[in-house]
Amino acid sequence: MEKNIEKVDEISKVENKSTEDLRKISIAEKININEFTQEQLEKYIENLGEKKFHAKQIFKWVHRIGVLSFDDMTDISKTLRDKLKENTYILNMEVIECQKSKKDGTMKFLIKLTDNAAIETVFMKYNHRKYNMCIDSSWMQNGL
């Protein structure tokens, strides 16, 4: 619940900034575009001075096609892609290490995030039907 409130606050801050302010956002303040709903993305795109129909295109690229770079969004103008790169990021995850148990098939992953933080996950199978995944986000918060 608290995370949702923080997200709404973050989006409200963006919605209240001028287009010029949005262009000056530092890397540390970039927004994870994956977290926007389509409606929130529409407002964000309009605040960038662009037409809101682009939000539907961007949403499709991020959530249906799964691009990892704004440059891959071929139906979006270079100008808008540059604005997106300046102010937002697409959450990327890279599997750095994978270990699989020969005994029970349990799989352990070390995953690097866009901000160089890392998470460790363990994927376990129970009774040949049920699966469980544990995620440890505190494993290496300071990055790799």
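Which residues does Ile58 touch, not counting residues up to four places away in sequence? In this predicted model, the list is Ile33, Leu41, Ile45, Met73, Ile76, Leu80 and Leu84.

**Helix H4**

Helix H4 covers residues 53-65. Its 13 residues should span 18 Å at 1.5 Å a residue, and the end C-alpha atoms lie 17 Å apart, so the two values agree. Ile58 is one of the buried residues of H4; His54, Ala55, Gln57, Trp61 and Val62 are buried too.

Just after H4, Gly66 adopts a positive phi of about 80°.

**Nonpolar cores**

Nonpolar side chains tend to be buried together in soluble globular proteins. Here the largest nonpolar core holds 18 residues. Those with the most contacts inside it are Ile33, Leu41, Tyr44, Ile45, Ile58, Met73 and Leu84. H3, H4 and H5 are the elements that give two or more residues to this core. H4 supplies the largest share, 4 residues. Another core, of 5 residues, lies apart from it; Phe109, Ile111, Leu113 and Ala117 are among its members.

**Arg81**

Arg81 sits in helix H5. Which side chain of opposite charge is nearest to Arg81? That is Asp71, 4.4 Å away. A salt bridge needs a side-chain nitrogen within 4 Å of a carboxyl oxygen. Arg81 has no salt bridge, yet Arg81 is buried. Leaving aside neighbours within four places in sequence, Arg81 is in contact with Phe70, Asp71, Met73 and Ile76.

Note on methods:
Residues are numbered from 1 along each chain as its sequence is written. This is a predicted model: local features need pLDDT of at least 70, side-chain atom pairs count only at pLDDT 80 or more; totals for chains, interfaces and linings use all residues. Side-chain values use heavy atoms; hydrogens and water are left out. The expected span of a helix is 1.5 Å times one less than its number of residues. Buried means under 20% relative accessible area, exposed over 50%, partly exposed in between (1.4 Å probe, protein chains only). A nonpolar core is a set of buried Ala, Val, Leu, Ile, Met, Phe, Trp, Tyr and Cys residues joined through side-chain atoms within 4.5 Å. Contact means heavy atoms within 4.5 Å. Lys and Arg count as positive and Asp and Glu as negative; His and the chain ends are not counted.
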